[in-house]
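I opened this entry to look up aromatic contacts. My notes follow the structure.

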Amino acid sequence: MMASETTSKTHAADNVDAAEIRKFSELASRWWDPHSEFRPLHEINPLRLDFINQRSPLDGKRVLDVGCGGGILSESMAAAGAEVTGIDMGEAPLNVARLHALESGVTVDYRQVTAEVLAAENPASFDIVTCLEMLEHVPDPASVVAACARLVKPGGAVYFSTINRNPKSFAFAILGAEYILRLLPRGTHQYAKLIRPSELERWCRAAGLRVTEMTGMHYNPLLRKYWLAPGLDVNYLVSCVLD
Ligand SMILES: C[S@@+](CC[C@H](N)C(=O)[O-])C[C@H]1O[C@@H](n2cnc3c(N)ncnc32)[C@H](O)[C@@H]1O
């Protein structure tokens, strides 16, 4: 068997899309530049941090951030008093995250491992699991949802965010964000991999997670403002509990 075939098989078994990992790795050096391709993640971070912290106060909690990338959310949760582990399959984003945490003086344990493998090693270990803007980049998102459910302690909370799949989300999140406003590089999101709230809810239920809230994340390009409000047509956030 050719080496490349071995690699792609291994990645498929790990529920990792090597092209997605490469895409984020190539951009990783600019992760903390608030004017770069990562500007939207910087701008939405206070909103999503508040959303999580209001429902699951972070201070003193053990938190896992799945698909943490360069650590924008992980660091902010650590600064809010959580003991954070950040996992990602991209080596370059993890290296950026480790360096930035040193500069910021916050402690985050960054590891290159999938949620599925960590769940087999350390089930029921975290008070809170976050998995934001990541599900639409993996081959089998239901498997990540199930792994998050295995990783959280009974009574703990799991948070997801992703993008809906419909003509409006195609117009806003792909045409608008990637081709017109150029907020994100072209090809960041593939329409077929976007996720309807009903699909995410079904995967949560199958994993034993009860969805407690779903809210939309909206953007006004003229004001350059994001806000949370009802309406799940494009970007949305989900909170769940493991009963
Ligand atoms: C859009 S970034 C989101 C980063 C971070 N969650 C945030 O919202 O600030 C998606 C991240 O998911 C990571 N990723 C993709 N597939 C993954 C997998 N199977 N396991 C872990 N991380 C993965 C990528 O390397 C990338 O860092």
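Is Tyr191 buried, partly exposed or exposed? I find Tyr191 partly exposed, at a relative accessible area of 32% (buried is under 20%, exposed over 50%, partly exposed in between; 1.4 Å probe, protein chains only).

The model is predicted: local features need pLDDT of at least 70, side-chain atom pairs count only at pLDDT 80 or more, and totals for chains, interfaces and linings use all residues. Residues are numbered from 1 along each chain as its sequence is written, and side-chain values use heavy atoms, without hydrogens and water.

I searched the whole structure for aromatic pairs and got five (Phe, Tyr and Trp rings, the six-membered one for Trp, with centres within 6.5 Å; planes under 30 degrees apart are stacked, over 60 edge-to-face, the rest tilted). One of them is Phe51 with Tyr159, edge-to-face at 6.0 Å between centres and 85 degrees between planes. Phe51 is in helix α3 (residues 39–55) and Tyr159 in strand β5 (residues 152–163), 108 residues apart (helices are DSSP runs of H or I, at least four residues, and strands of E, at least two, numbered from the N terminus). Phe51 is buried at 3% relative accessibility, and Tyr159 is buried at 1%.

I then checked Phe170 and Tyr191: the centres are 5.6 Å apart and the planes at 90 degrees, so this pair is edge-to-face. Phe170 lies in helix α8 (residues 167–180) and Tyr191 in the loop between α8 and α9 (197–206), 21 residues apart in sequence. Phe170 is partly exposed at 35% relative accessibility.

I also noted that ring pairs join Phe24, Trp31 and Phe38 into a cluster.
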